[in-house]
Amino acid sequence: MEKLSLSDAPPHGGQAVAPLQVRGAPQPPPQLPPQMFTTAAQLLDFTDKKLMIVLRDGRKLIGVLRSWDQFANLVLQSTTERIFATKTIGADPHETTQGLYADVFHGIFLVRGENVLMLGEIDLDKDDDAPAGYEVAELEVVKKLAEERKSVEKTKEKTRLKKLAKIGFEGENLGEIAL
């Protein structure tokens with residue numbers, strides 16, 4: 001990430017305006033250039049646009065950003081949660097897989113800012129197209145496949161953490177207490 005200062009020129013050929021120098025007059029505080037906004041203020045450009053938001057738990061939400069605050073808490077309208085899964089075709093696990101997805105409608109949705117991993121604007125010209133490599137499937141089928149994949153990944157992670165614990169590394173979840 002580049003380090004910026006107040007004296008840097010605005011990006012993309014923007015014109016910097018030199019402050020007026022008047023003797024004895026107090027100088028106003030310098031204005032921050034637009035590239036300095038790395039806070040929730042950048043969400044202003046995304047207001048009233050259709051976004052896809054990836055949450056920390058892996059869920060993907062699609063909706064229109066209607067409001068936000070200084071903590072990047074988001075209010076989405078017409079929100080759908082898109083669930084992705086893959087299905088192996090054939091008996092051999094090394095054979096091809098087919099990508100499936102399904103949408104669950106949620107309506108108005110409030111997202112706490114600290115749970116947002118990534119967000120981006122959706123190209124409305126391609127909005128009706130299926131994601132590349134995926135096709136629409138029934139919700140129950142996609143949910144079942146996604147849960148199976150999640151449970152397999154969870155067991156792999158537990159095995160990995162146990163192996164790391166044996167050689168002296170402590171993981172985040174090794175201190176869990178089983179009741």
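Which residue forms a salt bridge with Arg66, and how far apart are the closest N and O atoms?

**Entry 1: the ground rules.** I noted that this is a predicted model, in which local features need pLDDT of at least 70 and side-chain atom pairs count only at pLDDT 80 or more, while totals for chains, interfaces and linings use all residues. Residues are numbered from 1 along each chain as its sequence is written, and side-chain values use heavy atoms, with hydrogens and water left out.

**Entry 2: Arg66.** I looked up Arg66 and found that its salt-bridge partner is Asp48, with the closest N and O atoms 2.8 Å apart. Here a salt bridge is a side-chain nitrogen of Lys or Arg within 4 Å of a carboxyl oxygen of Asp or Glu. Arg66 lies in strand β2 (residues 60–68) and Asp48 in the segment before β1 (50–55), so the pair ties together parts that are 18 residues apart in sequence. For burial I used these cut-offs: buried is under 20% relative accessible area, exposed is over 50%, and partly exposed is in between, with a 1.4 Å probe and protein chains only. Arg66, at 40%, counts as partly exposed, and so does Asp48, at 48%.

**Entry 3: the sheet.** I then traced an open sheet of 6 strands, in the order β5-β1-β2-β3-β4-β6, with mixed pairing. Strands β5 (116–121) and β6 (134–136) stand at the edges with a single partner strand each, so one side of each has no neighbour in the sheet. Strands (E, at least two residues) and helices (H or I, at least four) are DSSP runs, numbered from the N terminus, and two strands pair if DSSP finds at least two bridges between them.

**Entry 4: β3 and β4.** I saw that β3 (residues 74–88) and β4 (residues 97–111) pair in the antiparallel sense over 13 bridges, and that Thr88 stands opposite Thr97 in β4. A salt bridge also joins Asp103 and Arg82, at 2.8 Å from N to O. Asp103 lies in β4 and Arg82 in β3, so this pair ties together parts that are 21 residues apart in sequence. Asp103 is partly exposed at 36%, whereas Arg82 is buried at 15%.

**Entry 5: the helix.** Last, I looked up a pair within helix α1: Arg149 and Glu153 both lie there, 4 residues apart, about one turn of the helix. They form a salt bridge whose closest N and O atoms are 3.2 Å apart. Arg149 is partly exposed at 49%, and Glu153 is partly exposed at 41%. By the rule I used, the count comes to 7 salt bridges.
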